[in-house]
Amino acid sequence: MLYKTAYYSFYLPVALAMYLCGISHNAEGQDPYALASSILLPLGEYFQFQDDYLDFAGTPEQIGKIGTDIIDNKCSWCVNTALAAATPAQRAVLDANYGKKDAECEAHVKEVFVAVGLHERYSAYEEASYKKIMGLIETIPEDGLAKPGEVKLQRAVFKSFLDKIYKRQK
């Protein structure tokens, strides 16, 4: 999941903006690019897992599309989490039905997702991710890792990214 969304949607656009703003690698102290990466990669991973969860749990009216990860046999957070928690009988249901372009098979998979507590697991994951990412944001020094006259990293920028996706519904 890290390479699917985190780099191209989160880290690379910010790194490019940092570069264009003249933020340099700080050889004397903490590298602002490494610090940005340490925040943005977990943020991008959280976003992708959230997207996978919404594909399963969201309605078309809510997310603006019909979720197709189950019938398309996607290697999503949902199926991986369910596989890790499934009983042998639930695993057999997943094996027999996941990736089938059939509404009844999809319904069986969703039943297993619910039975293994995917809603509760996602809620716990979301809260843990928020706390982890906030903790990483708070590692940005108040001085912004910049020398006098240089552009500084700002906690508020990273916090605004997190606020845009935390508990999103679409």
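User: Let's start with Asp-51. Is Asp-51 buried or exposed, or something in between?

Analyst: The general idea is to look at relative accessible area: under 20% is buried, over 50% is exposed, and partly exposed is what lies in between. In this predicted model, Asp-51 has a relative accessible area of 27%, so it is partly exposed.

User: Which residue does Asp-51 form a salt bridge with?

Analyst: To call a salt bridge, check for a Lys or Arg side-chain nitrogen within 4 Å of an Asp or Glu carboxyl oxygen. Asp-51 pairs with Arg-168, and their closest N and O atoms are 3.6 Å apart. That links distant parts of the chain: Asp-51 sits in helix 2, while Arg-168 is in the segment after helix 8, 117 residues apart. Arg-168 is buried, at a relative accessible area of 14%.

User: How many salt bridges does the structure hold?

Analyst: There are nine salt bridges. Take Lys-167 and Glu-126, with closest N and O atoms 3.9 Å apart. Lys-167 lies in the segment after helix 8 and Glu-126 in helix 7, so this pair ties together parts that are 41 residues apart in sequence. Glu-126 counts as buried at 7% relative accessibility, whereas Lys-167 is partly exposed at 40%. Glu-126 and Lys-167 also belong to a salt-bridge network with Glu-127.

User: What about Asp-69, buried or exposed?

Analyst: Buried, with a relative accessibility of 9%. The side chain of Asp-69 meets that of Lys-74 in a salt bridge, at 3.9 Å from N to O. Lys-74 is partly exposed, at a relative accessible area of 38%.

User: Now the rings. How many aromatic pairs does the count come to?

Analyst: Read a ring pair by two values: how far apart the centres are, and the angle between the planes. The count comes to 13 aromatic pairs here. One of them is Phe-10 with Phe-47, a tilted pair at 5.5 Å centre to centre and 55° between the planes. Phe-10 lies in helix 1 and Phe-47 in helix 2, so the pair ties together parts 37 residues apart in sequence. Phe-10 is buried, with a relative accessible area of 12%, and Phe-47 is partly exposed at 21%.

Trp-77 and Tyr-125 are also a pair: their ring centres are 5.9 Å apart and their planes at 40°, so this pair is tilted. Trp-77 is in helix 4 and Tyr-125 in helix 7, so they tie together parts 48 residues apart in sequence. Trp-77 is buried, with a relative accessible area of 9%.

User: Which residues form the aromatic cluster?

Analyst: Tyr-46, Phe-49, Tyr-53, Phe-56, Trp-77, Phe-113, Tyr-122 and Tyr-125 form one cluster.

User: Let's zoom out. What does the secondary structure come to?

Analyst: Eight helices and zero strands. The radius of gyration of the chain is 19 Å, well over the 15 Å that the globule rule gives for 170 residues, so the chain is more spread out than a compact globule. Along its principal axes, the C-alpha trace spans about 65 × 25 × 25 Å.

User: And how much of the chain is buried?

Analyst: Of the 170 residues, 41% count as buried. The accessible surface comes to about 9,300 Å², with 58% of that belonging to carbon and sulfur atoms.

User: Which residues make the nonpolar surface patch?

Analyst: Leu-16, Tyr-19 and Leu-20 make a patch of about 390 Å². Leu-16 has its place in helix 1, which covers residues 2-20.

Key
Residues are numbered from 1 along each chain as its sequence is written. This is a predicted model: local features need pLDDT of at least 70, side-chain atom pairs count only at pLDDT 80 or more; totals for chains, interfaces and linings use all residues. Side-chain values use heavy atoms; hydrogens and water are left out. Patches are made of residues with over 30% relative accessible area and no salt bridge: like charges are joined within 9 Å, nonpolar side chains (Val, Leu, Ile, Met, Phe, Trp, Tyr) within 5 Å. Accessible areas come from the Shrake-Rupley method with a 1.4 Å probe; for residues, only the protein chains shown count as cover. Helices (H or I, at least four residues) and strands (E, at least two) are DSSP runs, numbered from the N terminus. The radius of gyration is taken over C-alpha atoms; the globule rule is 2.2 Å times the number of residues to the power 0.38. Buried means under 20% relative accessible area, exposed over 50%, partly exposed in between (1.4 Å probe, protein chains only). Rings of Phe, Tyr and Trp (its six-membered ring) pair if their centres lie within 6.5 Å; planes under 30 degrees apart count as stacked, over 60 as edge-to-face and the rest as tilted.
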